[in-house]
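This briefing is intended for a reader who works from coordinates. Please consult the sequence and the structure below alongside the text.

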Amino acid sequence: MKLSISFIIPVYNRPNEIEELLESFSKLEGTHDYEIVIVEDGSSLTSKAVIDKYNKQLNISYYYKSNSGPGDSRNYGMSKAKGNYFIILDSDCLLPSQYLNTVIDSLHSEYVDCFGGPDKSHHSFSNIQKAIDFSMTSFITTGGIRGGKRSVNQFQPRSFNMGLSKTAFEATHGFGNIHPGEDPDLSIRLWSLGFKTKLIPEAYVYHKRRISWSKFYKQVYKFGSVRPILNSWHPQTKKLTYWFPTLFCLAVLVAIIFTFFNINLPIYLLLLYYVAVFILALIKTKSLVIALQAWLALSIQFIGYGYGFLKSTLLLYFKNSKPEIIFPDLFFKTK
């Protein structure tokens with residue numbers, strides 16, 4: 001199959017991010033032709049001036065539409081794209097120079113209709129961004145790659161770095177209107193139709209994660225909130241591991257209570273875990289400050305996800321309503 005690549009990038013009020021991303025496009029290695037489809041999702045601060053700046057250097061198609069969320073904007077971009085294989089990126093990503101060569105080589109070697117790649121921290125990122133990156137990607141946390149090398153055909157790509165064939169898009173009609181959670185929902189629907197997914201470990205992007213501690217908490221809270229909804233839609237995908245952040249938080253409370261009764265082993269085990277987190281973060285980042293901030297990032301991740309997951313599970317169980325009614329903030333209304 002001859003690959004014709006279209007990059008699909010939704011953007012909302014982030015012209016500075018688009019400029020950085022397009023600059024990384026200009027440094028891509030190889031001679032492969034591709035187009036960049038940028039979908040402005042109802043922005044009041046548009047990226048038009050940035051697009052005009054790079055239009056002579058890069059093959060860019062630019063569309064403006066009313067706000068309907070990232071999933072619907074990606075679908076819109078794919079419906080307009082000229083290629084037969086789409087690579088979906090978030091606007092807060094940067095591409096390493098070898099990215100496209102890596103993807104094309106992997107698809108020529110072992111073709112699949114959907115792939116995903118990991119994210120990494122760039123040297124230019126802030127300390128908070130690097131600490132959050134560690135918490136979201138380290139094997140010692142619940143973040144990171146969904147699936148991994150040992151479960152290639154059950155890997156759930158994420159839409160900050162995701163490939164999808166035109167055939168698969170037309171068969172599934174693309175992303176749903178839930179957000180976040182639209183990407184694992186799409187992966188599961190792809191599997192049910194017989195499509196395969198895979199991880200391309202070397203096809204990483206630098207994911208900038210425009211974030212503060214409060215925004216990070218809100219993000220992981222939403223991640224936890226949508227998972228029970230996905231479990232109710234796709235019960236075959238339920239896993240005990242989704243309960244781990246909630247159980248971890250409960251274990252912390254139990255460990256603290258036990259210390260009042262001179263039972264200290266649980267709190268010692270907890271401290272040992274945090275020491276391991278600190279050491280691994282220090283080795284990865286080579287920064288004492290970031291390693292200390294990794295403790296905070298990890299705690300926020302577990303508390304936010306765990307609370308969101310537990311609350312959502314209970315509301316879905318006790319309320320006899322559709323998720324769209326119980327959680328209106330997690331669904332975009334498409335026209």
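The points below go from the whole chain to single residues.

This is a predicted model, in which local features need pLDDT of at least 70 and side-chain atom pairs count only at pLDDT 80 or more, while totals for chains, interfaces and linings use all residues. Residues are numbered from 1 along each chain as its sequence is written, and side-chain values use heavy atoms, with hydrogens and water left out. The chain has twelve helices and ten strands; these are DSSP runs numbered from the N terminus, with helices being H or I of at least four residues and strands E of at least two.

**Overall dimensions and surface**

- The radius of gyration is 21 Å, close to the 20 Å that the globule rule gives for 335 residues, so the chain is as compact as a globular protein of that length. The radius is taken over C-alpha atoms, and the rule is 2.2 Å times the number of residues to the power 0.38.
- Along the principal axes, the C-alpha atoms fill a box of roughly 70 × 50 × 45 Å.
- The accessible surface of the chain comes to about 16,400 Å², and carbon and sulfur atoms hold 59% of this area. Areas come from the Shrake-Rupley method with a 1.4 Å probe, and for residues only the protein chains shown count as cover.
- Of the 335 residues, 51% count as buried. Buried means under 20% relative accessible area, exposed over 50%, and partly exposed in between (1.4 Å probe, protein chains only).
- Among contacts (heavy atoms within 4.5 Å) with a separation of 6 or more, 79% are between residues 24 or more positions apart.

**Enclosed helices**

- In helix 1 (residues 15-25), the buried residues are Pro 15, Glu 17, Ile 18, Leu 21, Leu 22, Ser 24 and Phe 25.
- The cover over these residues of helix 1 includes strand 1 (5-11), strand 2 (34-41), helix 2 (48-54), strand 3 (60-65), strand 4 and strand 5.
- Helix 4 (residues 99-109) has eight of its eleven residues buried, so the rest of the structure largely encloses it. The buried residues of helix 4 are Tyr 99, Leu 100, Asn 101, Thr 102, Val 103, Ile 104, Ser 106 and Leu 107.

**Aromatic rings and charges over rings**

- The structure holds 20 aromatic pairs. Rings of Phe, Tyr and Trp (its six-membered ring) pair if their centres lie within 6.5 Å; planes under 30 degrees apart count as stacked, over 60 as edge-to-face and the rest as tilted.
- Tyr 305 and Phe 309 form a stacked pair, because their ring centres are 6.3 Å apart and their planes lie at 10°.
- Both residues belong to helix 11 (residues 288-318), where Tyr 305 and Phe 309 are four residues apart and thus separated by about one helical turn. An α-helix has 3.6 residues a turn, so residues three or four places apart point the same way.
- Tyr 305 is buried at 14% relative accessible area, and Phe 309 is buried at 2%.
- A cluster linked by ring pairs comprises Phe 248, Tyr 273, Tyr 274, Phe 278, Trp 295 and Phe 302.
- Arg 74 lies over the face of Phe 175, 5.0 Å from the ring centre, and Arg 227 lies over the face of Tyr 242 at 4.2 Å. A charge sits over a ring if NZ of Lys or CZ of Arg is within 6 Å of the ring centre and within 35 degrees of the ring normal.

- Asp 92 is located in the loop between strand 4 (85-89) and strand 5 (93-94), and is buried at 7% relative accessibility.
- The side chain of Asp 92 makes a polar contact with the side chain of His 207 at 3.2 Å. A polar contact is a pair of N or O atoms within 3.5 Å; within protein, one must be able to donate a hydrogen and the other to accept it, and residues adjacent in sequence count only if both atoms are side-chain atoms.

**Backbone geometry**

- Most residues other than glycine have a negative phi, and most peptide bonds are trans.
- Asn 13, which is not a glycine, has a positive phi of about 55°. Asn 13 lies in the loop between strand 1 and helix 1 and is partly exposed at 22%.
- Lys 286 also has a positive phi, near 60°. Lys 286 is in the loop between helix 10 (265-285) and helix 11 and is exposed at 70%.
- His 179 and Pro 180 are joined by a cis peptide bond with omega of about -5°; Pro 180 is in the loop between helix 6 (166-172) and helix 7 (182-192).
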